[in-house]
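The following questions and answers concern how terms are applied to a predicted model. Each answer sets a value against its definition.

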Amino acid sequence: MSGRTAVLVEGLRKTYGTHEAVVDLDLSVAAGQTYGFLGPNGAGKSTTIGMLCTLIRPSAGRAEVAGHDIARDPDAVRRGIGLVFQESTLDGELTAEENLRFQADLFGMPRPLARRAIAELLDLVELTPRKDSPVRTYSGGMRRRLEIARGLLHTPRVLFLDEPTTGLDPQTRVAIWEHLHRLRAEQEITVFLTTHHLEEAEHCDRMAIMDRGQLVVEGTPAGLKGVVGADLVVLRTGDDEEAARSVRERFGIEAEAGADGVRLRTPDGAGFVPRLCAELTVPVHAVTVTPPTLDDVFLHYTGRTIREADGPQQPAFGPRR
Ligand SMILES: Nc1ncnc2c1ncn2[C@@H]1O[C@H](COP(=O)(O)OP(=O)(O)OP(=O)(O)O)[C@@H](O)[C@H]1O
């Protein structure tokens, strides 16, 4: 593995009985990248992280993380990684500082080094003013920030985050991402995260879409959206049926009149709208142009949206377990 590769995965597989949770996964993550695994519930994201962090034994295949083989040298892998789980594993009765000191002791960090690292990390996640309060008095966002700080305490080369903002409100999600971006700017670290939030995947340098244990497609968020390639244009007109017919006949573009107006897809929506308005003989009241989203990408490759794949019982942004 080259020095610039933080995670290398070859033919990784996990089978539970007859159920294939992860199927022949191949992956390479360059050092210093923020890499996202996007997929619905049950796609195999947590199982993959579990294998990469040496917590779950693969059924087949191999992987190297932070320069070490997960099967041959699990202790070295563990020293090289930080891990933030979906569920909180903080001790609510201890303060932030005590939680971090406990972790530093687990890693056998010398006391003066630990003191310095703890102070710096509490600053990084802006918890210094509350460092002496018991964690049970913290909000969900503060706990998650503390968990991220704890994952970083032993200066890992790769930080794994399993659903870092699940269960947090939208404002707190934004704040967590501000912290992760600052972290990236201040430390040479690879961040590997799982998510089923589309907007979270947008923060990644590269990402993989996973579904039913398989890697569906991999690339940059912009590159993946480029594959879908078409903006969604929605028109409100004086006569939507007539407008849709006109779009089909004059431009040869598939257009449909529905409850929210006339919908069509075209590669350069903003460039197309002036031509469209000039050609249409019916009055145009409103036009919206929406670039492709990662959900369009998921739909393009799997035939369903992430929300459909998550199932109707799942709240869009709430805790799932
Ligand atoms: N210990 C286990 N025993 C049996 N099946 C399991 C086990 N762990 C996971 N699975 C199954 O493997 C599949 C992948 O699960 P995994 O938790 O990796 O998915 P995920 O993409 O992380 O989903 P979520 O976001 O809900 O955690 C699921 O169908 C799950 O039910």
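Q: What covers the buried residues of H9?
A: The cover includes strand S11 (231-237), strand S12 (255-258) and strand S13 (261-266). Contact here requires C-beta atoms within 7 Å.

Q: Which residues of H9 are called buried?
A: They are Asp-240, Ala-243, Ala-244 and Val-247.

Q: How does the span of H9 compare with the expected value?
A: Helix H9 (residues 240-251) has twelve residues and reaches 16 Å from its first C-alpha to its last, close to the 16 Å expected at 1.5 Å a residue.

Q: Which residues of H6 are buried, and why are they said to line one face of the helix?
A: Arg-173, Ile-176 and Leu-180 are the buried residues of H6. Seen down the axis of H6, they fall within an arc of 65 degrees, so they line one face. The face turned away from the buried side carries the exposed residues Gln-171, Glu-178, Ala-185 and Glu-186.

Q: What covers the buried residues of H6?
A: Helix H5 (140-152) and strand S8 (190-195) are included in that cover.

Terms used. Residues numbered from 1 in each chain as written. Predicted model: local features only at pLDDT ≥ 70, side-chain atom pairs only at ≥ 80, totals over all residues. Buried ≥ 20, exposed ≤ 12 C-beta atoms within 10 Å, placed from the backbone. Helix = DSSP H or I, 4+ residues; strand = E, 2+ residues; numbered from the N terminus. Arc of directions from axis to C-beta. Contact = placed C-beta atoms within 7 Å. Expected span 1.5 Å × (residues − 1).
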